[in-house]
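The structure is shown first.

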Amino acid sequence: MRNKIAAANWKMNLTLTEGEKLLDEILKENIELIEHQQAIFAVPFPYLQFAQKKVLGRKNYFISAQDCSDKKSGAYTGEVSVDMIASLQITHVIIGHSERRAYFNESNSMLADKINLILEKGLIPIFCCGESLEIRESGKQNEFVAKQMSESLFHLQPGQIEKIIIAYEPIWAIGTGKTATTLEAQDMHGHLRTTLARQYGDKIADEISILYGGSVKGNNAMELFSQPDVDGGLVGGASLNAQEFCTIIKSLPK
Ligand code: PEP
């Protein structure tokens, strides 16, 4: 079975004290994750180390960075390299979130560079893709998202692509309270898997977890996650509330 994943994206929220309290409240629930289930917390850079210590020894709980530099090292003030992230024993890095693409002009080719650095270091990229409302309304969402994938990912060897996690996040559903219907989510996830299969074959496409992101909440997670090609969620707003996120973790298929 593919990994089923509840991933929290804290974005630029919470002070250290608030972050500690939130993580403590979630971990206190002692939700046991079985073999193919995972919970990942993408916390701001300054919190990576404390968060990593908190999940140490908890089976299938991981900490992720929310981004990384596309440069290996050097005179890039304010940037954080994959090597730095890896040196904290962090295992995952989100890249290509629509907020990074929109506010920081991150292009598909820049993301290809980031993917290479992440995989080179043995970390797992969580690659975000997704279309704007305008593209959805023009009916071109399938080709748009396939292009995002092909320009950032399809230079990878089969042994590399199978290591990544994909998050489909329609921009019109992020932080808006507007969730894609289960049918819309399944349709796009099915399309992404078919696109992967065309490039890498069915076996590899079948092993890659594709998460849905966009106003996932405790009350819609189970239905979304029950779709055959939806392997969990990348969660923004609802991940800042312990009860909500615990419900989302518990909604992962067994
Ligand atoms: C996100 O930013 O990754 C996200 C899905 O946010 P929200 O859950 O708040 O829509």
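Of the 15 residues around the ligand, the nearest are Lys11, His97, Glu169, Gly175 and Ser215; a residue is near a molecule if one of its heavy atoms lies within 4 Å of it. The model is predicted, so local features need pLDDT of at least 70 and side-chain atom pairs count only at pLDDT 80 or more, while totals for chains, interfaces and linings use all residues. Residues are numbered from 1 along each chain as its sequence is written, and side-chain values use heavy atoms, with hydrogens and water left out.

| Residue | Part of the residue | Distance to a ligand oxygen |
|---|---|---|
| His97 | polar side-chain atom | 2.8 Å |
| Glu169 | side-chain N or O atom | 2.7 Å |
| Ser215 | backbone N or O atom | 2.8 Å |

On its own the ligand has 290 Å² of accessible area, and the protein covers 95% of this. Accessible areas come from the Shrake-Rupley method with a 1.4 Å probe; for residues, only the protein chains shown count as cover.

His97 and Glu169 also belong to the surroundings of Cys128, which touches Ile94, Ile95, Gly96, His97, Arg101, Ala167, Glu169 and Leu234, residues up to four places away in sequence not being counted. Contact here means heavy atoms within 4.5 Å. Cys128 is part of strand β5 (residues 124-129). Helices (H or I, at least four residues) and strands (E, at least two) are DSSP runs, numbered from the N terminus. With 1% relative accessibility, Cys128 counts as buried; buried means under 20% relative accessible area, exposed over 50%, and partly exposed in between (1.4 Å probe, protein chains only). Cys128 and Ala167 are 39 residues apart along the chain, and their C-alpha atoms are separated by 4.6 Å.

A polar atom of the Gln66 side chain lies 3.1 Å from the backbone oxygen of Lys11, and the side chain of Gln66 reaches the backbone oxygen of Ala42 at 3.2 Å. Gln66 counts as buried, at 19% relative accessibility. Its contacts, leaving aside neighbours within four places in sequence, are Asn9, Trp10, Lys11, Ala42, Val43, Pro44 and Ile94.

Helix α1 has 13 residues (residues 16-28), which at 1.5 Å a residue should span 18 Å; its end C-alpha atoms are 18 Å apart, in agreement. The expected span is 1.5 Å times one less than the number of residues. Gly19, Leu22, Leu23, Ile26 and Leu27 of α1 are buried. Seen down the axis, the buried residues of α1 fall within an arc of 125°, so they line one face of the helix; the arc is that of the directions from the helix axis to the C-beta atoms. They pack against β2 (37-42), α2 (48-55), β3 (61-65) and α12 (242-250). Thr17, Lys21 and Lys28, on the other side of α1, are exposed.

Most residues other than glycine have a negative phi. Asn30, which follows α1, has a positive phi near 50°. Leu14, in the loop between β1 (4-9) and α1, has a positive phi near 80° and is partly exposed at a relative accessible area of 25%. Asn60 has a positive phi of about 65°; Asn60 lies in the loop between α2 and β3 and, at 13% relative accessibility, counts as buried.

Technical notes: Polar contact = N/O pair within 3.5 Å; in protein donor to acceptor, adjacent residues only side chain to side chain.
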